[in-house]
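My notes follow in the order in which I made them.

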Amino acid sequence: MTGLHFDTGRVLLLVCFGIVPLVGIALGLLAPSLRRQMPLIVAFVAGIVPILSLYIPKRFLSAAGEGMSPRLDQYLIIVAGFALPLGIVNVIQINARKVGRTEKGWVFSLVLLIGLLVMGAFGIYGAVSGAGIGFLPDGSSTPFQWMTDWLFRPLQATIFSLLAFFMASAAFRAFRARNVEATILLVAAVLVMAGRVPLFDLLAYPFPPLQPAAASLSQMMGRVTEWIMDGPNSAAQAGIIIGAALGAAAMAIRVILGIERSYLGLGKGD
Amino acid sequence: MSLFDRLLGIDRRWIFLFVVLAVTIPILAPLGLPVTTTGSTRAAFDYIESLAPGDIVWLSFDYGPSSAPENDPMAEGFLRHCFLKNVRVVVCALYPLGGLGLANASVARVAAEFPEKKYGTDYVNLGYKDGAEAVMRRLGENIEDAFPTDVNGQPISNMPIFQPKHQTIPSGDAGMGGNVAGIRTIGQFKLVFTVATGLIGEYWITLVNAQFGTPVIIGPTAVSAPKYYAFIGSGQLKGMLGGMKGAAEYEQLIARKYPQMAKFYRSTRLFTGTKGMDAQTGIHAVIILFIFLGNVAFLLGRRQGRT
Amino acid sequence: MELLGTWIAAFMTLAVLSFLYKDNPIFRFAESLFAGVSLGYYVGITLDQTLKPNLFEPLATNFSLNWDLMIAGLLGAFLYMRYVPRIGWIARYGLAIYVAYYIGVEFTRKLHGEVLPQMARTILPVRGFDFSGIEAFFTSPGMLALGAIIGTYSVLVYFFFSKEHNAVTRPIARLGVWFLMISFGAAFGFTVMGRVALLIGRLNFLIFDWIYPTFGV
Amino acid sequence: MRWAIRHCLLAVLVFASAAVGAPTGTLTPPPPELPAPDQFVAKDRPSDSGNSILLTWKDPPALPTGTTFEARRAEPPAYEWTKIADVNAGVGRYVDASAKDGVVYRYELRARHADLADTLGLAGAVGPAVVSDPVASHDDWIRLERMNSLVASLAFLVLLMGSIWMAGRGSQLFIRRIAGLNAVDEAIGRATELGRKVIYVPGIQPPGDIQTVASLAILGHVARATARYGTELDVPNRDPLTFTTARETVRAAYLAEGRPDLFREEMVNYITYDQFAYVAAVAGRMVREKPAANFFVGHFFAEALILAETGQTTGAIQIAGTADPSQLPFFVAACDYTLIGEELYAAGAYLSREPVLLGSIRGTDLAKVILLLLGLAGIVSATLGNNWAVSLLKTQ
């Protein structure tokens, strides 16, 4: 094994996001005001790294695998991985309390906890034992995979499929010709829906002589749909995207400069 | 309370009931609504028809369970089409969440319909690999680098499917500088068929087609279909099955060409794009009908209120 | 095992669909179980697919190249300082770096990746009108260009905040709202198909994988 | 010079060995010669992080179809040619990404054809080779192709900071009415009257998503209002980091209103990491607890409509906000008020009326004016046949 790789990018990362925070913490223990300011300074550095990296291809900043920006990206995937227990602790706290005090609906909290513990235990076992969480070498499922296939995925897919119903009920309620704007909304929705499927073929199904006419009408509706989607729809989307992106970019600058800091639980005065 | 008010305030569960019926009835008893075939589907079908027996093609499962109802019929239709034409098929899955399970299920289902097809000779399932872009780049150099073994862990090096079509082809592959016989790179495939939801489908076009020249046909979900029209226009795509409608069109083209498949696609034991399209039409009709009734009641009610 | 799985999946499917009728204990059971199992699922996924390949394995197999990942571990560990009341503020470091970095990425994505290219898309020559028929007119390049320009720019005018709209901009902003409404209606109508496909998937499962085999159809 | 000699020697060697192995006695017509590539240049690839050398050339005229170009590289100290790539005709460029910075290489390029019999009798024909000058790669300080984007970013920064600075000096600032935000107080007031809770969903993305940050700013105002009125607040979360940040935001809001006694940790709670399990739980909660007001503000995906439709049936006032065009139609259809696109980012300024934030709104408006004028000028000149604006705005 050769010595540790100390290229410029890694060293800078170590200084900015390892040593400076540790120094900041030590100072923060002494001077409470630094508990607020130091994180904002470190945040500023973290925020400009990807922006500089967009324009400066220097190796220490941008090279894949060793530049500051791609490397920091790697770090933060890990940091996000550390975050999940924060949520799990809260879930266990809330539900264990409900079960403990036999509050209303405590049985469901118990079901939740059992689900979490069983699935979590299979997952941890799979990851730690090296057996994995997918399939065993003989092609059979691990318990984790089995529960994923027969419990997790069907539930996920079914909740997702509720949308088909909610699309129908929302359309019925919302698409009314109340005023000009609502009427435009309604007409666009109906035209596009009618153009996506052979609707006229369905209507002409019992009347064979009408079918050729219905088929060409369906095709025409298809072209109308395509025109709406590519024309007015994508123009408006571009407008939304440009406006929102400018607003987002301004907000990003405010965050990086520390003007916007509510995400740290810091008010204006802090 | 007037009739109009009652219609406007209808319990939404009645709408839900109609939705369920509009989906279930076509699945149980398909209408087989005539689906007008679009140019992009016909182009895809014609290209696959132009393949010769013994040609080798690549089928990639680049979608997950959430879009399986749209994408499964495309992948299975393509497998059937290839088997009917005696074209060899290499299958892989590049979609991280659940792509492999879908590939295994689809291959097993279609292979059971064609018992004469031999695994390893007529088709092979290479399984899932992480990092679609990197995998594709490696496929352009050496397939074995990307997929040393198939899904069951069997080394692919000796599989008959990767041997050249005509045994008489002299060894000494052009440009390889060595004594290489058989199929080594994705460039030697006659076609890549990617059934895709997200970005992976685009990689096949912008990476594999652009760099290694393999023709590509795509089967995207309806939502992502529009962006691929540009690739058809520029010739980077040989064809496209756009969403469930594209799958239904493709099925009808197959059934028209191969009468035995027409019977098969009418059987009730199987889900097909054609049935899906019937259900889609039904639901769209139900929603439009309710919007229509709601507006009639609203406008008449408003007029009544005024007088 | 597969038979048992099919029955469980079918039960869960029906339990969730029952919510459409009304909230009931069976749905609540499925919902609670789902919440628990899904969280457990991500425990497994995070350990096996995030932390293992990105942190533990690189540290174990090639420490000399990956020693710096310890910094990431440190930042992650900072997050847990929340639980220590008096030094809870240490967690801010992990959070601040995480948020600021991704916000920086968002900045590049927005300005470089959205504003400029989307503006470039609107710069079209307003030429080539075809008056030979209705369809030909609306699909002629000049008409498409004009539509794209008016649509995008009128929506942008709607998004002006720092001035009250005047006699010129108010009608343009109104036109922008109409374009927004066309877009929302069209996008809604366009999405129905994808959502219905999901429902078809579930009913397929119930019919072909559960009901038919069970009753031997 | 040394190179040329080397190369000649090599060619002679190859020739000799081929001649020995060539079949004798058969008389074949002279096969067509493959031409050499034109203008072959190897140089450091500009605007990159190093370790790459760019080879460019022009296809010679009258190239037989099916010809490829074989690129080979020689490096010190051995200087032996090793093949690095076969490139199809018509491409004209190849990036050797396996180079090492600072190492001096030479490259050689020649045409190759599989089907044509070779003059040397080898399998596959090869044309004459062209050798490059010595070249080494390095990393660069600027991405030239992104200059336009860099200028735009700097201009935007100047515009924004200038507006904020002006606002700080007390210039009068206006912000137009945004209906969805006027309804915030009305919704919370109604919840107070009915004695029911307010649900606030800050999207399902982590706080590194800019929409989540915008949502947290709005959450701060909503929490201050609920603290003022003593209304119950419920903030269920999908992302664990958003969960911890939302809790700090709400805590700070209650503290700022002087009501830390009303703040309880359970107000901001975690549900699960799965999008659909999360939405099922929140939907169930809405049906059971019948909140009087629902806020769905942030980055949403497919769950948007499930939340909004379920909330709609419980009779709550619903205020939604997202910048993502894909979910806007569903919020517009199923909520009472929707913050559309940029309105989401303007909300913080609107609610707080802080000069700094209002100044930043002025800055983005100015940017919009400039873009509009630029765009219109570009369209006019594009119609007249000059496409400068597209090349100015196109990013890479």
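**Entry 1: Chain B**

I began with chain B, where residues 24 or more positions apart account for 74% of the contacts with a separation of 6 or more; contact means heavy atoms within 4.5 Å. I noted that this is a predicted model, in which local features need pLDDT of at least 70 and side-chain atom pairs count only at pLDDT 80 or more, while totals for chains, interfaces and linings use all residues. I also noted that residues are numbered from 1 along each chain as its sequence is written, that chains are lettered from A and ligands numbered from 1 in the order in which they are written, and that side-chain values use heavy atoms, with hydrogens and water left out.

I found twelve helices and six strands in chain B; helices (H or I, at least four residues) and strands (E, at least two) are DSSP runs, numbered from the N terminus. Its C-alpha trace spans about 90 × 35 × 35 Å along the principal axes. Of its 307 residues, 54% are buried, where buried means under 20% relative accessible area, exposed over 50% and partly exposed in between (1.4 Å probe, protein chains only).

I then looked up the domains, whose bounds come from an automatic or database domain assignment. Chain B has domain 1 (3-30 + 280-306) and domain 2 (39-271), and their C-alpha centres lie 42 Å apart.

**Entry 2: Chain D**

I counted eleven helices and 14 strands in chain D. Buried residues make up 55% of its 396 residues. Its domains are domain 1 (38-136), domain 2 (144-168 + 360-393) and domain 3 (179-353). The C-alpha centres of domain 2 and domain 3 of chain D are 34 Å apart.

I checked the confidence next: pLDDT is the predictor's confidence in each residue, from 0 to 100. Chain D has a mean pLDDT of 88, and 89% of its residues reach 70 or more. Over residues 8-25 of chain D, pLDDT stays under 50, and the model has five contacts for them beyond four places in sequence. For the model I recorded ipTM 0.88 and pTM 0.87.

**Entry 3: Helix H5 of chain C**

Does the length of helix H5 (residues 91-122) of chain C agree or disagree with its residue count? Its 32 residues should span 46 Å at 1.5 Å a residue, and the end C-alpha atoms are 45 Å apart, which agrees; the expected span is 1.5 Å times one less than the number of residues. I also found a kink of about 30° in H5(C), centred on Lys110(C). The bend at a residue is the angle between axes fitted to the seven residues ending there and the seven starting there. In H5(C), 27 of the 32 residues are buried.

**Entry 4: The nonpolar cores**

A nonpolar core is a set of buried Ala, Val, Leu, Ile, Met, Phe, Trp, Tyr and Cys residues joined through side-chain atoms within 4.5 Å. In the largest, of 264 residues, Phe17(A), Phe175(A), Val250(D), Phe295(D) and Phe296(D) touch the most other members. Helix H8 (residues 169-214) of chain C gives the largest share of this core, 21 residues. A second, separate core has 40 residues, among them Tyr47(B) and Leu253(B).

**Entry 5: Cys16(A)**

Cys16(A) lies in helix H1 (residues 8-30) of chain A. Cys16(A) counts as buried because its relative accessibility is 19%. Beyond four places in sequence, Cys16(A) is in contact with Pro21(A), Val42(A) and Val45(A).
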